[in-house]
Amino acid sequence: MKMILRWFPYGDDSVTLQQIRQTPGVTGVATMIPQIPVGEVWPAEQLIALRDEVNAAGLEMEVIESVNIHEDIKKGLPTRDRYIENYIKTMENLAKAGVKCLCYNFMPVLDWARNELDHPLPDGSTALSYRHEEVLKLDPSHFADAMLGGSRGYSLPGWEPERMGAMAADIEFYQSFTTEQYWANMKYFLDAVIPTAEKYDIHMGIHPDDPPWPLYGLPKVITCAENIRTFLSLNTSPYNGITLCTGSLGSNIHNDIPAIVREFADRIPFAHIRNIKHHSPQDFDEAAHLSSCGDLDMFEIVRAFYESGFDGYIRPDHGRMIWGEQARPGYGLYDRALGATYLEGLWEAIDKMEKRGK
Ligand SMILES: [Mn+2]
């Protein structure tokens with residue numbers, strides 16, 4: 001297991017590489033190049049320079065999160081081939097910079113959705129929260145305004161402004177779309193890019209849909225064990241995997257996260273581990289990482305990874321904003337550092353108990 005933190009380059013992060021380096025046990029970052037429009041090629045020189053900057057701080061850059069998928073690929077338009085070609089060129093360039101794992105998602109139009117980015121919790125901290133009825137009341141084409149308005153001036157991953165212009169038309173486009181068509185478009189993409197992943201030893205990890213249920217009539221697919229099974233069968237290469245996000249999948253109270261980890265362990269190159277607290281089945285706040293702070297049993301989740309022989313990357317996911325920190329919502333240093341240390345503590349305890357028992 002390698003513990004990493006997400007980090008945003010070029011001054012678009014309140015957290016520095018030095019601070020990440022000083023977080024015990026953290027050996028690298030998951031990062032990305034933010035300015036490149038979705039669908040264009042990420043230049044090798046820029047990736048190598050970014051890798052050198054991360055390495056100079058004593059950290060690794062083996063995980064990229066995310067290279068987003070152009071909407072034409074998800075829609076299956078004839079123009080998709082050009083964007084897939086660009087995606088493959090980007091993967092080749094990632095390989096030149098030593099990248100081993102590529103996280104992406106296949107959510108249509110809207111990326112992850114919350115209706116509040118600074119929801120006050122009883123202890124005075126703030127967290128990202130989701131209230132289903134409130135989200136339904138929002139005009140989806142103005143959803144981006146609601147998201148970006150709460151971002152404290154930082155870019156929000158997945159909510160790049162250039163994607164927002166066509167949002168209303170895109171949502172309309174999908175209204176007549178079937179889930180089967182969506183699976184077919186995913187398979188078309190996977191069959192095109194996975195040979196490159198195999199050639200360059202880059203493990204692909206699709207991120208689950210967040211939240212894992214339909215919104216505004218848009219297809220949602222990476223939501224539960226059954227659909228993950230379907231997804232992995234679309235292309236059976238070991239390089240076609242998932243980013244196991246406990247918070248996204250755990251938003252659906254019917255998902256048994258430790259069971260999902262155990263079933264798909266050999267196809268999980270990357271894990272996001274965080275906790276959530278439900279108020280009803282479709283209303284939740286993002287909680288501190290400890291089991292006692294939310295609904296997920298972190299001990300059982302980490303134990304499932306450990307017992308499956310997991311040797312991929314783990315990062316704590318969104319943190320709350322605590323101790324007066326001003327940062328990109330979900331991505332302050334303090335609560336994520338506490339999360340990383342807690343997860344490492346669980347891992348060490350399970351490891352020592354296991355070895356003592358033998
Ligand atoms: Mn996640």
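Two residues are in contact if their C-beta atoms, placed from the backbone, lie within 7 Å. With that in hand, welcome to this structure, which is a predicted model: local features need pLDDT of at least 70, side-chain atom pairs count only at pLDDT 80 or more, and totals for chains, interfaces and linings use all residues. Residues are numbered from 1 along each chain as its sequence is written. The protein has 13 helices and 12 strands, where helices (H or I, at least four residues) and strands (E, at least two) are DSSP runs numbered from the N terminus.

**The overall picture**

- The protein has a radius of gyration of 19 Å, close to the 21 Å that the globule rule gives for 358 residues, so it is as compact as a globular protein of that length. Here the radius is taken over C-alpha atoms, and the rule is 2.2 Å times the number of residues to the power 0.38.
- Along the principal axes, the C-alpha atoms fill a box of roughly 55 × 45 × 40 Å.
- Of the 358 residues, 44% count as buried. A residue is buried if 20 or more other C-beta atoms lie within 10 Å of its own, exposed if 12 or fewer, and partly exposed in between, with C-beta atoms placed from the backbone.
- Among contacts between residues at least 6 apart in sequence, 73% join residues at least 24 apart.

**The barrel**

- Eight strands form a closed barrel with parallel pairing, in the order β1-β2-β3-β4-β7-β8-β9-β12. From one strand to the next, the twist averages 30 degrees. For such angles, axes are lines fitted to C-alpha atoms (for helices over the stretch in contact), and values run from 0 to 180 degrees between N-to-C directions.
- α2 packs on the sheet and touches β2 and β3, its direction making about 130 degrees with that of β3.
- α13 also packs on the sheet, touching β1, β2, β9 and β12, and its direction makes about 135 degrees with that of β12.

**Strand β2 and its partners**

- Two strands pair if DSSP finds at least two bridges between them. β1 and β2 pair in the parallel sense over four bridges, and Leu5 has Val29 in β2 as its bridge partner.
- On to the next pair: β2 and β3 (residues 60-65) are parallel, with three bridges, and Gly28 stands opposite Glu60 in β3.
- β2 is mostly covered, with five of its six residues buried.

**Strand β9 and its partners**

- In a regular strand the side chains alternate between the two faces of the sheet. In β9, Phe270 and His272 point one way, Ala271 and Ile273 point the other way, and all are buried.
- β8 (residues 240-245) and β9 pair in the parallel sense over three bridges, with His272 of β9 as the bridge partner of Cys245.
- β9 and β12 are parallel too, over four bridges, and Phe270 has Tyr313 in β12 as its bridge partner.

**Helix α13**

- Helix α13 (residues 334-357) has 24 residues and reaches 35 Å from its first C-alpha to its last, close to the 34 Å expected at 1.5 Å a residue. The expected span is 1.5 Å times one less than the number of residues.
- Its buried residues are Asp335, Arg336, Ala337, Gly339, Ala340, Leu343 and Leu346. These pack against β1 (2-6), β2 (26-31), β9 (270-273), α12 (298-307) and β12 (313-316).

- His207 is in the loop between β7 (203-206) and α9 (225-234). With 23 C-beta neighbours inside 10 Å, His207 counts as buried.
- Leaving aside neighbours within four places in sequence, His207 is in contact with Cys103, Tyr104, Asn105, Thr243, Cys245 and Ser248.
- Arg267 sits in the loop between α11 (257-264) and β9. It counts as buried because it has 20 C-beta neighbours inside 10 Å.
- Once neighbours within four places in sequence are set aside, Arg267 is in contact with Leu232, Pro238, Gly241 and Ile242.
- Arg267 and Glu172 are 95 residues apart in sequence, and their C-alpha atoms are 34 Å apart in space.
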